[in-house]
Amino acid sequence: MNFASGFTPERLAEAWQMLINDFPGALWETLYVTVLATVFAMVIGLPLGMILVAGEKDGIRPLPAPLMKFLNVMINLLRSVPFLIMIVMVIPLTRAIVGTSVGTMASVVPLVVAAFPFVARLVETSLREVNPNLIETAQSMGATPMQILLKVMLPEAVPSLINNFTLAITTIMGYTAMSGAIGGGGIGKIAITIGYQRYRYAVLYLAVIVLVILTQIFQSAGTWAAIKSDKRLKK
């Protein structure tokens, strides 16, 4: 099909009608799945990232080397699997949890599996940016490893964590678009099943524009929150 034929007045009118009738529901599905998957990824990734920092050889609470090596290898392996392949790999897990491997809710499971190792690495990076002098001061005052993590490292890393969580949520939202290829709902489903497979290029580009706007909103909100939480900028 000719590319230009996807932008005829009839196609543009069709895209406009879809924007009014179909996009609101798809937008809700995208936001719902993105936020839900991000929350679960953070629930798993945040403590895992804390363990990666605290449990290393020179950390505040060293853990057995084999355990740390296993965690690092597991995270690296999961991060190296492309998301579309990950969707297929976790189909048994998805069916066990959700009862089906197709649909909007089914896409949450592979999203979480793909995202939590990424979140763990982001948390690890943020915690490593904390001033070592603050940690040493807390240790000299008799603070326990858990107190150092919760009352020193995490509060000091809040701006960086917010920036990294913003990166995580925008990345997960990009994954939701790809999940449309296997029956996931949302904007991605419209872009792939209608915009691409049916040669409705106006619909495809409209879906892309909506996703770009959503990304900009999340990014701007995350940047604003990170600046507001940065104590260094309040001095």
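Author: A residue is called buried when its relative accessible area is under 20%, exposed when it is over 50%, and partly exposed in between. The structure discussed here is a predicted model.

Reader: In which helix is Thr-30 found, and is Thr-30 buried or exposed?
Author: Thr-30 is found in helix α2. Because its relative accessible area is 2%, and a residue under 20% is classed as buried, the word that applies to Thr-30 is buried.

Reader: Which residues is Thr-30 in contact with, once its neighbours within four places in sequence are left aside?
Author: Helix α2, where Thr-30 is found, covers residues 23-54. With the neighbours within four places in sequence set aside, the residues in contact with Thr-30 are Met-173, Thr-176, Gly-186, Ile-187 and Leu-214.

Reader: How many helices are there in the protein chain?
Author: Read along the sequence, the protein chain follows the pattern α-α-α-α-α-α-α-α-α-α-α, and its C-alpha atoms fill a box of roughly 70 × 45 × 25 Å, taken along the principal axes. There are zero strands in the protein chain, while the number of helices is eleven.

Reader: What percentage of the contacts in the protein chain with a separation of 6 or more is accounted for by residues 24 or more positions apart?
Author: The protein chain has 235 residues, of which 41% are buried. Among the contacts with a separation of 6 or more, the share that belongs to residues 24 or more positions apart is 73%.

Reader: What distance does helix α3 reach from its first C-alpha to its last?
Author: Helix α3 runs over residues 65-80 and has 16 residues. At 1.5 Å a residue, the expected span is 22 Å, and the reach from the first C-alpha to the last is close to that expectation, at 22 Å.

Reader: Why are the buried residues of α3 on the same side of the helix, and which helices do they pack against?
Author: The buried residues of α3 are Met-68, Leu-71 and Ile-75. They cover an arc of only 60° around the axis, so they fall on the same side of α3. An α-helix has 3.6 residues a turn, so residues three or four places apart point the same way. The helices that the buried residues of α3 pack against are α2 (23-54) and α6 (108-128).

Reader: Which residues are exposed on the other side of α3?
Author: The buried residues of α3, Met-68, Leu-71 and Ile-75, have been placed on one side of the helix by their arc of only 60° around the axis. On the other side of α3, the exposed residues are Ala-65, Pro-66, Lys-69, Phe-70, Leu-77 and Ser-80.

Reader: Which helix supplies the largest share of the lining of the second largest pocket?
Author: The second largest pocket has a volume of about 230 Å³, and 14 residues line it, the closest to its centre being Val-53, Glu-56, Asp-58, Ile-135 and Met-153. The lining divides into eight nonpolar, two polar and four charged residues. At least two residues of the lining come from each of α2, α6 and α7 (132-140). The largest share, four residues, is supplied by α7.

Reader: Is Gly-222 buried or exposed, and which residues is Gly-222 in contact with beyond its neighbours within four places in sequence?
Author: Gly-222 lies in helix α11, which covers residues 201-229. Because its relative accessibility is 8%, and the cut-off is under 20%, Gly-222 counts as buried. Apart from neighbours within four places in sequence, the residues in contact with Gly-222 are Ile-162, Asn-163 and Thr-166.

Reader: What distance separates the C-alpha atoms of Gly-222 and Ile-75?
Author: Ile-75 is one of the buried residues of α3, whereas Gly-222 lies in helix α11. Along the chain these two residues are 147 residues apart, and the separation of their C-alpha atoms is 25 Å.

Reader: How many Å apart in space are Ser-5 and Leu-93, C-alpha to C-alpha?
Author: Ser-5 lies in the segment before α1 (9-21), and at 24% relative accessibility it counts as partly exposed. Ser-5 and Leu-93 are 88 residues apart in sequence, and in space, C-alpha to C-alpha, they are apart by 42 Å.

Methods: Residues are numbered from 1 along each chain as its sequence is written. This is a predicted model: local features need pLDDT of at least 70, side-chain atom pairs count only at pLDDT 80 or more; totals for chains, interfaces and linings use all residues. Side-chain values use heavy atoms; hydrogens and water are left out. The expected span of a helix is 1.5 Å times one less than its number of residues. Buried means under 20% relative accessible area, exposed over 50%, partly exposed in between (1.4 Å probe, protein chains only). The arc is that of the directions from the helix axis to the C-beta atoms. Contact means heavy atoms within 4.5 Å. On a 1 Å grid over the protein atoms alone, a cavity is a set of points where a 1.4 Å probe fits but cannot get out, and a pocket is an open set with protein on both sides within 12 Å along at least five of seven lines; lining residues have an atom within 4 Å of a point. Grid points are joined across faces, edges and corners, and a volume is the space filled by probe spheres set on the points. Ala, Val, Leu, Ile, Met, Phe, Trp, Tyr, Cys and Pro count as nonpolar, Asp, Glu, Lys and Arg as charged, and the others, Gly among them, as polar.
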